[in-house]
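Here are my notes from going through the model, as numbered points. Have it open next to you while you read.

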Amino acid sequence: MLCITRACSVLLAVFALSLPAVAMAVNPAVKEPNVRQMLGQKLMLDLRYYCEQAPVNGQCRTPMTQLPPQLAALIRDYDIGGVILFAENLHSVAQIVQLNRDLQAAAAAAPLKLPLFISIDQEGGRVARLPRGLATSFAGNMAIGATYAEHGTAFAGEVGKVLADELLSLGINLNFAPTIDVNVNPQNPVINVRAFGESAQQVAELGGAMTAAMQQRGMIAALKHFPGHGDTEVDSHLGLPRVEHSIEQIRNVDLLPFAQIIKQHQPGMIMTAHIQYPALDSSTFVSKAGETMLKPATLSRKILHGVLREELGYSGVIVTDALDMAGISKFFTHTEAVVQTFAAGADIALMPVKLQHPGELSALASLLNALETVVNNGAIAKAELRDSYQRIVALKQQYPLLPAQTSMAKQIQQAQQTLGNAAHRQTELALAKAAITQVKPATPGWPFKLRDSKKLLLIMPDQMKVQALAAALQHYSNNHFVIDSISLQQTDLTQAAAQITAADVVISGFISPMQSLADIGGMDDLTGVTNIAAAYQRQMLQYEALLPQINAQQKPHVFLSLRAPYDISRYGQDADVVLAAYGYNTAEDPAAMAAGNAVYEALAQALLGQYRLSGKLPVTVAGYND
């Protein structure tokens with residue numbers, strides 16, 4: 001296969017200089033890799049946490065920021081094909097570069113000498129693993145969708161370029177993005193603003209532009225979540241969703257973005273969804289608890305091979321969503337899950353086994369032993385295993401998996417100049433501003449002007465968001481505001497009535513739905529879900545208790561929908577002005593300008609009337625654009 005960037009033409013030389021004994025192709029001494037080596041290339045490991053000793057409570061929470069010799073040995077000895085990094089792995093530019101070079105050095109020492117896929121979930125918006133003050137994270141896909149009416153695919157392309165450039169400078173070569181699910185369900189707990197919108201054609205165009213931009217820069221894109229996660233009310237991290245769409249609806253909505261992007265842009269990878277689609281596959285399996293159930297897409301040959309390979313003509317690499325998610329792990333042992341997904345046609349098993357302390361490391365050998373036995377017994381055809389391995393190798397040859405800089409010092413310098421640079425931050429702010437949508441009033445004029453006010457009351461989900469909006473308002477205003485605040489996390493609201501009385505204008509913001517496990521990092525955060533749900537309920541009750549007080553005092557009121565705009569149907573009637581921002585995240589320093597708080601800078605400028613609001617709702621909000 002041909003390289004797609006000029007860097008490919010010098011890859012072998014660069015690799016030889018930067019990481020001794022590494023080559024982009026299979027080691028010539030290995031004429032035909034053995035079964036175990038091919039299987040190793042089909043595993044993508046989660047190295048998020050690692051404890052040198054088994055933790056007393058059985059749960060390791062020590063971030064892996066430096067590659068331990070034991071994990072390096074696993075990558076080397078088993079010819080592992082890839083790893084996935086999380087926020088816990090990523091602290092500073094120098095540390096990330098060192099970690100990724102060490103990971104590639106371990107792969108270089110393996111018999112096959114194939115470089116690693118080093119992957120990440122850097123979608124932008126609510127799912128961004130790099131520190132927001134360090135790297136450019138943007139407002140997210142639904143914000144991009146809100147710009148479509150005026151800007152077409154321009155922001156999708158620009159975001160794709162920036163994400164690719166910043167990740168590649170660090171040595172990360174595979175991004176699990178874009179999300180091209182079509183969010184047609186307002187109750188969707190895990191996708192919502194991660195989607196570009198509810199129009200399948202618009203999602204296809206925006207997702208295609210982002211895919212093309214990333215891949216043209218040398219970053220492997222991975223479309224997700226096939227065959228579509230946009231109409232679910234269950235988070236597949238927590239259970240097994242089921243989509244009851246007809247074949248016609250599946251083809252016209254769920255599959256359409258995948259079909260178009262496959263045809264037009266040849267995405268390097270496609271990620272599966274742990275979702276049941278009975279119209280596509282009604283076959284069943286018996287869970288480890290003895291329950292008969294429909295097969296989810298990740299384990300369905302009819303869906304992965306029949307639909308994705310044969311019907312849509314996809315010839316690239318299929319990667320599973322994380323196999324530790326409850327949509328799979330609740331019903332299968334980790335070995336059964338990997339066997340089943342490989343038999344279904346998946347090329348790579350993502351996060352197949354937990355490796356968080358020395359006592360767990362033998363699980364990898366056990367998994368490979370079991371897989372090797374299954375292949376030798378014919379349950380997984382050797383010919384299919386070889387084809388899958390060759391697809392992986394072909395993708396590794398097509399893209400420059402290693403940084404172009406030959407020395408670590410030069411790579412660190414380049415990364416520092418790339419991450420969050422002025423041009424990237426300008427694009428980040430431009431997107432946030434272009435996305436802000438005035439939902440109410442329907443006409444451009446407002447019933448009041450914020451700049452004529454002196455005393456503002458900010459009611460926000462937490463103190464970080466209060467600080468972010470307050471700092472941006474003071475920064476962009478020519479007049480000094482007196483700003484009071486209420487955090488919905490505080491338990492004492494006895495002074496709220498007096499605070500409302502004293503204010504000239506009340507600005508309130510809320511985020512809904514509650515954070516999902518995708519927001520906070522994955523299944524290793526499962527223990528905190530109950531606490532998050534309880535905190536969210538308290539915030540919602542606090543907020544809904546304050547709204548009648550604002551109304552009773554007839555205070556000018558702006559409502560900011562900070563995440564999925566569906567909550568405007570519930571809270572928009574209580575405000576004179578309603579703005580949708582599609583993003584809520586703050587950087588580590590919430591008061592910093594041009595350093596990861598772009599949504600709040602855009603909101604401040606919008607509230608001050610400093611630019612024309614051009615964003616359009618990319619989804620249906622009952623009572624407003626339905």
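1. Strand 16 and strand 17 run parallel and are joined by 5 bridges; two strands count as paired if DSSP finds at least two bridges between them. Across that pairing, Gly509 sits opposite Leu560 in strand 17. Strand 14 is also parallel to strand 16, with 4 bridges between them, and there Leu456 faces Val505 in strand 16. Helices (H or I, at least four residues) and strands (E, at least two) are DSSP runs, numbered from the N terminus.

2. Before you go further, two housekeeping remarks. This is a predicted model, where local features need pLDDT of at least 70, side-chain atom pairs count only at pLDDT 80 or more, and totals for chains, interfaces and linings use all residues. Residues are numbered from 1 along each chain as its sequence is written, and side-chain values use heavy atoms, with hydrogens and water left out.

3. How buried is strand 16? Of its 6 residues, 6 are buried, so the strand is largely enclosed by the rest of the structure. Buried here means under 20% relative accessible area, exposed means over 50%, and partly exposed is in between (1.4 Å probe, protein chains only). Val505, Ile507 and Gly509 point one way from the strand, while Val506, Ser508 and Phe510 point the other way.

4. Now the whole sheet: it is open, has 6 strands in the order 13-18-17-16-14-15, and its pairing is mixed. Strand 13 (437–440) and strand 15 (482–487) are the edges, each pairing on one side only. From one strand to the next the twist averages 20°. Strand 17 (residues 557–561) and strand 18 (residues 577–580) make a parallel pair over 4 bridges, with Val578 in strand 18 as the bridge partner of Phe559.

5. What lies across the sheet? Helix 18 (residues 463–476) lies across strand 14 (455–460), strand 15, strand 16 (505–510) and strand 17, at about 145° to strand 14. Axes are lines fitted to C-alpha atoms, for helices over the stretch in contact, and angles run from 0 to 180 degrees between N-to-C directions. Contact means heavy atoms within 4.5 Å.

6. Have a look at Phe155 in helix 7. Phe155 is buried, at 10% relative accessible area. Leaving out residues up to four places away in sequence, Phe155 touches Ile144, Thr147, Thr427, Ala430, Leu431 and Ala434. The C-alpha atoms of Phe155 and Glu428 are 9.4 Å apart, although 273 residues separate them along the chain.

7. On to salt bridges (a side-chain nitrogen of Lys or Arg within 4 Å of a carboxyl oxygen of Asp or Glu): the count is 19. One of them joins the side chains of Arg36 and Glu372, at 2.9 Å from N to O. That pair links distant parts of the chain, with Arg36 in helix 2 (residues 35–41) and Glu372 in helix 14 (residues 362–376), 336 residues apart. Glu372 is partly exposed, at 24% relative accessible area.

8. A local example is Lys161 with Glu158, whose closest N and O atoms are 3.6 Å apart. Both lie in helix 7 (residues 154–170), 3 residues apart, about one turn of the helix. Lys161 is partly exposed at 32%, and so is Glu158 at 33%.

9. Glu244 and Arg242 form another salt bridge, with 2.6 Å between the closest N and O atoms. Glu244 is exposed at 55%, whereas Arg242 is partly exposed at 44%. Elsewhere, salt bridges with shared partners join Asp121, Glu123, Arg129, Arg194 and Lys224 into one network.
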